[in-house]
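Dear colleague,

Please find the structure below, handed over for your review. My notes on selected backbone and cavity features follow it.

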Amino acid sequence: MSDHENSVGISGTMEELENKFKKERKELQAKIQALKKSATKGDKKKKKEVQEEIAKLEADLDQRHKEEEEAFKQNNIEKFQSKDSLEENHESTTEDAQEIVSSHVKVSKAEKRRQKKVAATKERDARIKEQEDENLLGPRHKEMIAIVEKLRERGLAIHSIVADGNCLYSAVEHQLGEANGLHADLDYKALRKLTADYIRQNRDEFLPFLTDDSGDLMSEKDFEVYCNKVEKSTAWGGQIELRAISDALKCPIEVIQAAGPPMTIGEQYVKARKPLIVTFHRFLYRLGEHYNSVGPYVEEEPEI
C-alpha cells in the first residue's frame, strides 16, 4: 500500500476513503480466491485452515476500515476545534493574535502533525497485535468458526458487511438483491425509513418492548426520538427492527448464530416467501453486535 493510500484515512476526503475501502475489499477478494485455489480437493484439514484464514482476513480488514473511519472523523473534529480556537484568540490584540497564529502554523504543520502520525501508528499497531491474539484465542474466533461451519453445511458462506451502524439494514439489502425479486431495489436507507414508519404505525405493538436508559417504558417523546434514530441515524438495529422489517416486507428472516439453532423472524410468511438469511455475531467487534449477510459457498478447483 502506498504512502498516499495510508494518508487518505486521515487527511483525504470521505469519498477518497470510501474508494480506498472498495479497492482494498476488491484486493482482498482476489487474495481469498487465491487462498481457495491453494486448497487441494479432498484435503479437509487444509480447507479448514483456509476458511479460518479467510475469516481472519475479512474480520481484520473490517476492523481496520472502522479504525480509519474513526480517525478520519476525529481529525475533522480537531480541525474545527483548532479553527474555533484561532477565531477566539483573534478577538484579542492584533499582536497576540499574530503570535498565536504563527505559533499554531509552525507546530501544527510540522511537529504536531508528525507526532500525531507516530502516535496513531503506534496505537494502530498495538490494536492490530491485540486483535490478532484475540482472533486466535478469544470467543470471536470460536464464534466465527462455528458460524462458518453451519453455513458450509448448507452450501453457504459469509458475505461481510461493513460495521458502520447500518449492518442489519445493509445485510437485508444484500439479501433482497440476491433474491432479485420483490423489494430488490431497496437500499439500507430506504429500509431504515420503512422500518421506522412501520414501528410508528404499529406503536401499540412495539412500545411495550421499548425502554429508556433507566429501564422504564418509553414516553411518547422518547418513542418518537427512537423512531427518528432508526430512520435517520446510524443507530444499530436489533430484534425489534428485525421484526419490523419482516412484517413490513411480509418476508421471513432467518438469523444464524454460533450457539443454538437458527431463529426465524416472521414464521407466518415462510409458506409464501423464501427466508432472507443473515448471520448474527456477538463478539466480532468490540463496538457491539454485528450482522453479516450470506452468499453461496463456492469451492473452486485448484489450478493445475
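Lysine 250 is exposed, with a relative accessible area of 54%, which puts this residue over the 50% cut-off for that class. In this predicted model, lysine 250 sits in the loop between helix H10 (239-249) and strand S2 (253-256). Its phi is positive, at about 55°, although the residue is not a glycine.

Histidine 183 also has a positive phi, near 70°, and is likewise a residue other than glycine. The loop between helix H6 (167-179) and helix H7 (188-201) holds histidine 183. With a relative accessible area of 24%, histidine 183 is partly exposed, because that class lies between the limits of 20% and 50%.

Two cavities of 30 Å³ or more were found when the whole structure was searched. The second largest cavity contains about 50 Å³ of space. Its lining consists of Ala55, Glu58, Ala59, Asp62, Met144, Ile158, Ser160, Leu284, Tyr285 and Asn292.

Which elements each supply at least two residues of this lining? They are helix H3 (44-90) and strand S4 (276-285). The largest share, four residues, comes from H3. Sorted by class, the lining of the second largest cavity has six nonpolar residues, together with two polar and two charged ones.

With kind regards

How values were computed. Residues are numbered from 1 along each chain as its sequence is written. This is a predicted model: local features need pLDDT of at least 70, side-chain atom pairs count only at pLDDT 80 or more; totals for chains, interfaces and linings use all residues. Side-chain values use heavy atoms; hydrogens and water are left out. On a 1 Å grid over the protein atoms alone, a cavity is a set of points where a 1.4 Å probe fits but cannot get out, and a pocket is an open set with protein on both sides within 12 Å along at least five of seven lines; lining residues have an atom within 4 Å of a point. Grid points are joined across faces, edges and corners, and a volume is the space filled by probe spheres set on the points. Ala, Val, Leu, Ile, Met, Phe, Trp, Tyr, Cys and Pro count as nonpolar, Asp, Glu, Lys and Arg as charged, and the others, Gly among them, as polar. Buried means under 20% relative accessible area, exposed over 50%, partly exposed in between (1.4 Å probe, protein chains only).
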